[in-house]
Amino acid sequence: MNYLTTIFVKKLLAALLVFAFMTPVHSQGLPKIMVYKSPTCGCCSKWVDHLEQEGFEVDARNHQNMNAVKEHYKIIRSHQSCHTAVVGGYLVEGHVPAQDIKRMLSEKPDIRGLSVPGMPMGSPGMEGHRVDKYDVLAIQRDNSSSIFVKH
């Protein structure tokens with residue numbers, strides 16, 4: 001290589017390195033998350049945006065009958081919210097923050113998944129004029145639940 005080619009290659013590598021650190025990485029070692037949601041629900045779409053901003057690759061699927069999705073996954077009424085997701089062999093029901101999903105995927109607890117029942121204000125996708133306190137529940141194998149984290 002001549003001197004100019006060497007300089008060009010070094011600058012190209014430096015530029016690629018800078019670009020790699022500036023570009024958001026979607027995988028971050030995270031599995032793809034499949035989200036079942038109503039096509040007309042704005043907060044569901046905002047939650048999907050939250051997941052994508054936190055590095056998840058999301059496969060969002062619109063369903064007219066979300067009750068059928070909840071029945072399919074055997075999500076009891078006390079754990080239900082507006083959207084249902086599946087990731088890494090776990091269920092995620094409602095406005096669960098991405099950091100809590102990441103924690104579950106990292107710790108791999110022996111649970112069915114996580115739930116934020118209802119639609120608490122201030123949870124991801126439900127941002128607004130107030131922030132309510134809410135719990136993220138760990139759904140046990142027998143459908144009982146315990147508090148995974150308080151927000």
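By the distance rule (a disulfide is a pair of cysteine sulfur atoms within 2.5 Å), the disulfide count here comes to zero. Keep in mind that this is a predicted model, where local features need pLDDT of at least 70, side-chain atom pairs count only at pLDDT 80 or more, and totals for chains, interfaces and linings use all residues. Residues are numbered from 1 along each chain as its sequence is written, and side-chain values use heavy atoms, with hydrogens and water left out.

**Cysteines**
- Cys43 is in no disulfide: the nearest cysteine sulfur belongs to Cys41 and sits 3.3 Å away.
- Cys43 is also buried (under 20% relative accessible area, with exposed over 50% and partly exposed in between, using a 1.4 Å probe and protein chains only), at a relative accessible area of 10%.
- Cys44 is in no disulfide either, and its nearest cysteine sulfur, that of Cys41, is 3.1 Å away.
- Cys44 is buried, with a relative accessible area of 1%.

**Overall fold**
- You'll find four helices and seven strands in the protein; these are DSSP runs, numbered from the N terminus, with helices being H or I of at least four residues and strands E of at least two.
- Following the sequence along, the pattern goes α-β-α-β-α-β-β-α-β-β-β.
- Take the contacts (heavy atoms within 4.5 Å) between residues at least 6 apart in sequence: 53% of them join residues at least 24 apart.

**Surface and interior**
- The protein has 151 residues, and 39% of them count as buried.
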